[in-house]
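Q: Could you walk me through this model, starting with how its helices pack and then moving to the core and the charged pairs?

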Amino acid sequence: QLQGRWSLVFFGYLSCPDVCPTTLLTLADLHRRLKAQGESVAQMQFVFISVDPARDTPERLAPYLAYFDPGFIGLSGEPAQLAALARSLGAVYAERVDERGLRSMEHSTSIVLVDPRGWVVGAFPAPHDPARMQQQFQQLTRIKYNPAAPSI
C-alpha cells in the first residue's frame, strides 16, 4: 500500500494526549500548503499507523483522522505485523504502564517519507515545521529515482 505514491507515514495512537494530534495538525497544514502550491495530491498519501490496535479500531480511526483531513488514511493490524512494518520504516514504539496503572504508548515522533517504490527516503524529526517540511518534501520529490537502482 506504500507503493505507487509518495507517502508521509506517522506512527501514533488515538489516546495520545499531545504529540499525535499536534503532528496530525501539522500534516493537515502541510497537505493544504502542497495543494496551494499546485502539487498533485493524487501522487501522495498521508498515512497514520496506530500502534495501539486493541483500542484503535478502524471504526475509531476513520472519524478521528477525518477531523484533521478527510483524505488521511488510518491503518492498524496485528501486533506482529505492526512491529515488522515499524522496523522496516525505522519507527519504534512500546507500551508503558505508570505507577498508577495508567497505560500509554511511547512511540517515534518522526514522520517517515516513503517514495513511490516503497523505499524510505527520509524522515522529518520533531518538532515539525510545515513550511520547512514543504520545502524539503518538494526538493525530495523532484529527484529523479532510477527504479532499477539497488536499495541500500
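A: Contact here means heavy atoms within 4.5 Å, and helices (H or I, at least four residues) and strands (E, at least two) are DSSP runs, numbered from the N terminus. This is a predicted model, in which local features need pLDDT of at least 70 and side-chain atom pairs count only at pLDDT 80 or more, while totals for chains, interfaces and linings use all residues. Residues are numbered from 1 along each chain as its sequence is written, and side-chain values use heavy atoms, with hydrogens and water left out.

Q: OK, which residues of α1 and α2 meet?

A: From α1, Pro21, Leu24, Leu25 and Ala28 meet Tyr64, Leu65 and Phe68 of α2. By class, this contact of α1 with α2 has seven nonpolar, no polar and no charged residues, where Ala, Val, Leu, Ile, Met, Phe, Trp, Tyr, Cys and Pro count as nonpolar, Asp, Glu, Lys and Arg as charged, and the others, Gly among them, as polar.

Q: And at what angle do α1 and α2 pack?

A: The angle is about 55 degrees, and the axes of α1 and α2 are 9 Å apart; axes are lines fitted to C-alpha atoms, for helices over the stretch in contact, and angles run from 0 to 180 degrees between N-to-C directions. That makes α1 oblique to α2, because angles under 35 degrees count as roughly parallel, over 145 as roughly antiparallel, 65 to 115 as roughly perpendicular and the rest as oblique.

Q: Where is Phe72, and what does it touch?

A: Phe72 is found in the loop between α2 and β3 (73-75), and, not counting residues up to four places away in sequence, Phe72 touches Leu24, Leu27, Ala28, His31, Phe46 and Leu65. At 10% relative accessibility Phe72 counts as buried, given that buried means under 20% relative accessible area, exposed over 50% and partly exposed in between (1.4 Å probe, protein chains only).

Q: Switching to the largest nonpolar core, which residues touch the most other members?

A: Those are Leu8, Val9 and Leu27, out of 37 residues in that core; a nonpolar core is a set of buried Ala, Val, Leu, Ile, Met, Phe, Trp, Tyr and Cys residues joined through side-chain atoms within 4.5 Å. The largest share of this core, six residues, comes from α1. Leaving aside neighbours within four places in sequence, the contacts of Val9 include Leu2, Val47, Ile49 and Leu89.

Q: How many salt bridges does the structure hold?

A: There are eight salt bridges in the structure, a salt bridge being a side-chain nitrogen of Lys or Arg within 4 Å of a carboxyl oxygen of Asp or Glu. One of them joins the side chains of Arg33 and Asp29 (3.3 Å, N to O), and because these two residues are four apart in helix α1, about one helical turn separates Arg33 from Asp29.

Q: What about Arg103 and Asp52?

A: Their side chains meet in a salt bridge too (2.8 Å, N to O), and this pair links distant parts of the chain, with Arg103 in strand β5 (residues 103-107) and Asp52 in the loop between β2 and α2, 51 residues apart. Arg103 is partly exposed at a relative accessible area of 32%, whereas Asp52 is buried at 1%. Salt bridges that share partners join Asp52, Arg55, Glu95 and Arg103 into one network.

Q: Last one: is the peptide bond from Ala126 to Pro127 cis or trans?

A: That bond is cis, with omega near 0 degrees, and Pro127 is found in the loop between β7 (120-124) and α4.
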